[in-house]
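Welcome, and thanks for taking a look at this one with us. Please have the sequence and the coordinates open as you read.

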2 protein chains.
Amino acid sequence: MTESTPGRRRGDDLERAIFEAALAELAEVGYANLRMEAVAARAKAGKASLYKRWPDRARLVQAAARYKATEVEPEFEPSGDLRGDLRKVMAHIAAQQATPFGEAIRGWIGELRGTPSEVADELRTRIEHPRIRIFAKIFEDGVARGTVRPEALHPRVVNLAPALLTHHFLTRAEPADDAAVDEILDLVVLPLISTGAA
Amino acid sequence: MTESTPGRRRGDDLERAIFEAALAELAEVGYANLRMEAVAARAKAGKASLYKRWPDRARLVQAAARYKATEVEPEFEPSGDLRGDLRKVMAHIAAQQATPFGEAIRGWIGELRGTPSEVADELRTRIEHPRIRIFAKIFEDGVARGTVRPEALHPRVVNLAPALLTHHFLTRAEPADDAAVDEILDLVVLPLISTGAA
DNA sequence: GGGTTAGTGAACGGCGCGTCTCTTATTTCA
DNA sequence: TGAAATAAGAGACGCGCCGTTCACTAACCC
């Protein structure tokens with residue numbers, strides 16, 4: 001029974017357990033109602049073990065989100081079907097917003113005031129970058145095929161779809177559903193980026 | 001000295017005082033650090049007077065934001081200069097985000113989880129509607145002049161600029177500056193909506 | 001002016017914060 | 001292998017704020 005009796009965990013082992021507990025709590029009660037004591041209890045850890053690692057709730061949640069993000073980020077290879085590819089990636093982002101990860105972002109937004117802008121930038125970049133990379137790949141593929149205008153490669157445009165998805169999620173209680181994704185795609189993103197070539 | 005000795009205020013008088021206090025606190029410490037006791041003290045009111053009117057911090061702040069919004073919303077008449085008009089209205093929105101109003105929105109976002117979607121919709125609509133009305137007016141004017149594509153009148157497109165401004169504000173520590181507004185305008189909004197006619 | 005309504009101020013129990021202490025498990029190294 | 005060092009678990013502590021309650025009083029309404 002080496003499995004069921006972990007004894008007393010330390011270091012990274014313990015850290016992972018705390019992250020999982022935090023994410024589970026996040027899913028259950030949301031960021032606004034997240035209690036350090038609840039996370040500690042769920043992880044069967046002492047509060048001191050939490051505060052030894054992170055100064056406050058915000059940092060713990062950020063760390064937990066980062067930990068989860070490294071597991072989740074997918075590799076994506078454009079298939080040549082521009083609309084299909086975009087739809088797939090957008091649906092993936094929307095789905096992710098329904099997880100504790102989305103709840104972590106909501107919390108991050110709420111506490112953003114007063115955060116030194118370098119810290120905020122660092123974190124935002126960390127979220128945006130992998131997405132931008134994927135969309136950029138799809139756009140570049142489209143440019144090569146002549147279906148996407150080269151001007152669409154500007155970061156502001158590349159980041160447009162994720163920005164609208166995030167806005168949708170933050171602004172409502174739930175992530176965008178398929179219909180919303182289609183609207184964003186057909187009324188905004190595609191008309192803006194495509195050349196008009198079929 | 002009828003001014004300096006208000007005596008004991010009641011009803012709407014008191015309510016306004018509480019709103020002003022809440023907005024001032026919001027500006028000073030932000031939503032995350034807003035304390036009901038601080039608002040009460042600042043308004044020289046009893047806590048009970050607050051809880052008699054609103055069940056919690058979130059509702060108080062929503063009410064305060066609504067109160068302020070009725071003062072602030074401008075009438076706007078399109079001048080015929082499409083880019084100039086959009087720029088002006090966008091700058092206005094950005095400026096508004098730097099006020100307690102923006103801080104209220106940040107707080108609203110943070111607590112959105114679990115809110116019944118009708119309530120969330122009602123509030124969101126209340127914010128979006130006046131904006132949509134203004135942008136729709138500008139767009140319609142453009143359509144009439146042949147500078148804007150009729151498809152741009154879809155709500156999703158009309159709401160695009162405000163959505164991106166909100167996203168910018170929520171996602172960073174500050175509202176969009178002039179450069180950011182120009183980028184949004186020249187790389188996203190105008191290319192999407194304009195006919196290509198000068 | 002007497003009764004009603006509404007606001008003040010203070011006190012209260014409760015909860016979660018962040019710190020600290022005491023005990024115990026795990027690791028390190030003599 | 002045994003002792004010292006390190007890190008974790010459990011929980012008590014004081015504090016600040018929550019949301020409620022109560023006794024008192026000012027404002028308003030005939």
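Predicted model: local features only at pLDDT ≥ 70, side-chain atom pairs only at ≥ 80, totals over all residues.

Chain A is built from 10 helices and 0 strands, and 32 of its residues are in contact with 32 residues of chain B. DNA strand C has 23 residues around it, and 23 residues likewise surround DNA strand D.

**Chain A as a whole**

- Reading from the N terminus, the elements of chain A run α-α-α-α-α-α-α-α-α-α.
- The C-alpha atoms of chain A fill a box of roughly 65 × 45 × 30 Å along the principal axes.
- Chain A has 198 residues, and buried residues make up 34% of them.
- Take the contacts in chain A between residues at least 6 apart in sequence: 67% of these join residues at least 24 apart.

**Around DNA strand C**

- Which residues come nearest to DNA strand C? They are A:Gly7, A:Ala48, B:Ala45, B:Gly46 and B:Ser49.
- The element that gives the most to the surface near DNA strand C is α3(B), with 4 residues.
- By class, the surface near DNA strand C has 13 charged, 6 nonpolar and 4 polar residues.

**Around DNA strand D**

- The residues closest to DNA strand D are A:Arg10, A:Ala45, A:Gly46, B:Gly7 and B:Ala48.
- Two or more residues of the surface near DNA strand D come from each of α1 (11-29) and α3 of chain A and α2 (36-42) and α3 of chain B.
- With 4 residues, α3(A) gives the largest share of the surface near DNA strand D.
- The surface near DNA strand D divides into 13 charged, 6 nonpolar and 4 polar residues.

**Where the two chains meet**

- The contact between the chains involves 32 residues of chain B and 32 residues of chain A.
- On the chain B side, α6 (100-110), α7 (117-145), α8 (155-158), α9 (160-171) and α10 (178-193) each supply at least two residues.
- Of the elements on that side of chain B, α9(B) gives the most, with 7 residues.
- The residues of chain B's side divide into 14 nonpolar, 10 polar and 8 charged.

**Helix packing in chain B: α5 with α10**

- The axes of α5 (residues 82-97) and α10 of chain B come within 10 Å and cross at roughly 130 degrees.
- At that angle α5(B) and α10(B) are therefore oblique to each other, and their crossing is right-handed.
- From α5(B), the contact is made by B:Arg83, B:Leu86, B:Arg87, B:Met90, B:Ala91 and B:Ala94. From α10(B), it is made by B:Val181, B:Leu185, B:Val189 and B:Leu190.
- This contact of α5(B) with α10(B) has 8 nonpolar and 2 charged residues, and no polar ones.

**Helix packing in chain B: α5 with α7**

- The axes of α5(B) and α7(B) come within 10 Å and cross at roughly 175 degrees.
- Angles over 145 degrees count as roughly antiparallel, so that is how α5(B) and α7(B) lie to each other.
- In this pair, B:Leu82, B:Asp85, B:Leu86 and B:Val89 of α5(B) meet B:Ile134, B:Phe135, B:Ile138 and B:Gly142 of α7(B).
- The contact of α5(B) with α7(B) divides into 6 nonpolar residues, 1 polar and 1 charged.

- Most residues other than glycine have a negative phi.
- A:Lys44, however, has a phi near 50 degrees, a positive value.
- Where does A:Lys44 sit? This residue is found in the loop between α2 and α3 of chain A.
- Is A:Lys44 buried, exposed or partly exposed? It is partly exposed, because 13 other C-beta atoms lie within 10 Å.
- In chain B, B:Lys44 also has a positive phi near 50 degrees, and B:Lys44 is found in the loop between α2 and α3 of chain B.
- B:Lys44 is partly exposed, with 13 other C-beta atoms within 10 Å.

Definitions and conventions
Residues numbered from 1 in each chain as written. Chains lettered and ligands numbered in written order. Buried ≥ 20, exposed ≤ 12 C-beta atoms within 10 Å, placed from the backbone. Contact = placed C-beta atoms within 7 Å. Near = placed C-beta within 6 Å. Nonpolar A, V, L, I, M, F, W, Y, C, P; charged D, E, K, R; others polar. Axes fitted to C-alpha atoms, helices over the stretch in contact; angles between N-to-C directions. Parallel < 35°, antiparallel > 145°, perpendicular 65-115°, else oblique. Left-handed = near helix turned anticlockwise from the far one by under 90°.
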